[in-house]
Amino acid sequence: MTGIVLVVDDEFGIAELIDAVLTDEGHRVLTAINGRQGLAMMAKERPDLVFLDYMMPVMDGAEVLSAMAGDPSVAKVPVVLMSSMPETTVAERCSGYTAFMRKPFKIAQVVTLTVKLLNRDGPDGQGAL
Amino acid sequence: MENTEAALQALRQQNAELMEAIAARDTFIAVAAHELRNPMTPIVGQIDLLLAALQAGKYSSAQVEHRVRRIRTAMDHFIKRAGTLLDVSRITSGRFQLSFTPCDLSDLVRETVETFSEPARYSGCSIAVDVPETLPGAWDRLALEQILDNLISNAIKYAPSRPVIVSAENLGSLVRLTVRDYGPGISSGDRARIFERFERAVGPKERRSGFGVGLWVVGQLVAAMEGTIVVDDAQGEGSLFTVTLPRYSDTSLA
C-alpha cells in the first residue's frame with residue numbers, strides 16, 4: 001500500500017534523502033522545514049504517515065506532537081520521531097509518537113517502518129504494530 | 001574557628017565550580033556527538049540508496065551522478081561541522097591560531113552563498129548578495145567561511161520562505177559584513193546570550209537544532225580577528241547580524 005508521507009526536518013539533506021527513498025517506493029512525499037510548516041501542510045492535506053525530527057527551529061517535534069494530539073483530524077496519524085539523541089532523552093519531552101528512529105538511520109529502516117505503519121490493521125489504521 | 005569556616009566555604013565554592021565545569025564538558029560531548037551524527041545520516045543514506053538502485057539496475061548514469069553529487073555535498077557539510085567542533089576545542093584550550101592569506105571578500109561571499117542554493121530552495125528562501133565587484137584584503141579564509149556559513153544557515157532555518165540578504169562593504173581599513181533575514185527576529189533577552197557558550201545559553205532540554213554552538217564559534221572567530229559582531233532587530237522585522245573586521249592589505253601583513 002502506498003500513501004502520502006510528510007517529512008518534517010530542518011536539515012535539507014535528511015528531508016531530501018527520505019523523500020528520494022520513499023518516492024522510489026511509490027509514495028507521495030511532502031516535506032516541511034519546521035513544525036509550524038508541517039502542521040500547516042497537515043491542515044491542507046491529511047498525511048498517512050509523518051516522519052518528524054525532534055530538534056528544529058521555530059517549532060520542534062515535541063510541540064508538533066502535542067498540537068497533533070489536540071487536533072482530531074490528525075491525532076491518529078502515525079508519527080515516526082527522529083533524533084540523533086537516544087530515545088530516553090527525547091521521550092522526556094515527547095509523547096504520542098508511534099515509533100522512534102535514531103539518526104543516523106539506514107534507509108531500509110525508513111522503508112520497513114513505512115510499510116509497517118501504512119498497513120496497520122483496523123478501521124483507522126490503529127491496529128497493533 | 002572563623003578561618004575554618006571560611007576555608008570550608010571556599011572549598012565548597014571550588015567544588016561547585018568544578019562540578020559546573022564537568023557538567024559543561026559533558027554537555028559539550030553530548031552536543032558534539034549530536035552535531036556529528038546528524039550530518040552523517042545523509043551520507044550513509046545516500047550511499048545505501050545508490051547501492052540499492054545500482055543493484056536493481058534501475059538508475060541511469062545521470063541519476064547516479066545526481067546521488068554522488070549529493071554524497072559530495074553531504075561530506076562537505078560533515079567536514080564543516082567537524083571543523084567547527086575542532087575550533088571549539090582549540091578556542092577553549094587557547095590553541096586557536098589564525099592564518100591570514102590574501103583573498104577577495106566579494107568572491108568569498110558569492111561562493112559561500114552558492115553552496116546554499118539547495119538548502120535555500122528547500123526552505124523557500126532567496127538569498128540576495130550585495131557586494132562590490134571586488135573587495136581584496138587578507139583574512140583567515142576558513143574563519144570567514146565559517147562565520148558566513150553559520151549566519152546564513154541560521155537565517156534560512158529560522159526565517160524560512162523569506163528573503164535573506166548578505167552584504168559586504170569596504171570601509172577602507174575595515175570591512176562590514178551583514179546577514180539580514182525577515183524572520184521572527186531575536187528577543188532582546190536572547191540577543192544578550194546567543195553568543196555565550198552554548199551549554200550556558202540553553203539548558204539541555206531546550207536544545208534546538210544547532211543552536212548555540214555555531215554562534216558562539218562565530219563570536220569567538222570574530223574576536224580572534226579583532227572584529228566585532230552585533231545583532232539588531234532589523235527595521236521592520238527579522239534580525240540583522242553585522243560583523244566588522246579589520247581589512248589588512250596583502251602588504252600590511254609583512
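Guide: Helices here are DSSP runs of H or I with at least four residues, and strands are runs of E with at least two, each numbered from the N terminus. Counted in this way, chain B has 8 helices and 7 strands. The model is predicted, with an ipTM of 0.80 and a pTM of 0.82.

For the setting, the C-alpha atoms of chain B as a whole fill a box of roughly 85 × 55 × 45 Å along the principal axes.

Along its course, α1(B) bends by about 30° at B:Met40, and within the four residues that follow there is a proline, B:Pro42. B:Pro42 is itself one of the buried residues of the helix, and others among them are B:Asn38, B:Pro39, B:Thr41 and B:Ile43. The buried set also includes B:Val31 and B:Glu35, as well as B:Gly45, B:Gln46 and B:Leu49. After the helix comes B:Gly57, which has a positive phi, near 60°.

The domain assignment of chain B places residues 2-92 in domain 1 and residues 101-253 in domain 2. The C-alpha centres of these two domains of chain B lie 21 Å apart, and the contact between them draws on 10 residues of domain 1 and 9 residues of domain 2. On the domain 1 side of that contact, α1 and α2 (61-92) of chain B each provide at least two residues, and the residues of this side comprise 5 nonpolar, 2 polar and 3 charged.

Elsewhere in chain B, strand β5 (residues 174-181) holds B:Leu177. A residue counts as buried when 20 or more other C-beta atoms lie within 10 Å of its own, and B:Leu177 is therefore buried, since it has 25. Leaving aside residues up to four places away in sequence, B:Leu177 touches B:Ala168 and B:Val243. B:Leu245 lies 68 residues from B:Leu177 in sequence, yet their C-alpha atoms are 8.2 Å apart. For the whole of chain B, 32% of the 254 residues are buried.

Turning to the partner, 26 residues of chain A are in contact with 25 residues of chain B. Helix α1 (residues 12-24) of chain A gives the most to the chain A side, with 7 residues, and that side is made up of 15 nonpolar, 4 polar and 7 charged residues.

As for confidence, chain B averages a pLDDT of 85, with 91% of its residues scoring at least 70, but over residues 199-211 of chain B the pLDDT is below 50, although that stretch has 22 contacts in the model beyond near neighbours in sequence. Chain A has a mean pLDDT of 91, and 93% of its residues reach 70 or more; over residues 125-129 of chain A, however, the value is below 50. Where pLDDT is low, the predicted coordinates should not be read in detail.

Technical notes: Residues are numbered from 1 along each chain as its sequence is written. Chains are lettered from A and ligands numbered from 1 in the order in which they are written. This is a predicted model: local features need pLDDT of at least 70, side-chain atom pairs count only at pLDDT 80 or more; totals for chains, interfaces and linings use all residues. Two residues are in contact if their C-beta atoms, placed from the backbone, lie within 7 Å. Ala, Val, Leu, Ile, Met, Phe, Trp, Tyr, Cys and Pro count as nonpolar, Asp, Glu, Lys and Arg as charged, and the others, Gly among them, as polar. The bend at a residue is the angle between axes fitted to the seven residues ending there and the seven starting there. A residue is buried if 20 or more other C-beta atoms lie within 10 Å of its own, exposed if 12 or fewer, and partly exposed in between; C-beta atoms are placed from the backbone. pLDDT is the predictor's confidence in each residue, from 0 to 100. Domain bounds come from an automatic or database domain assignment.
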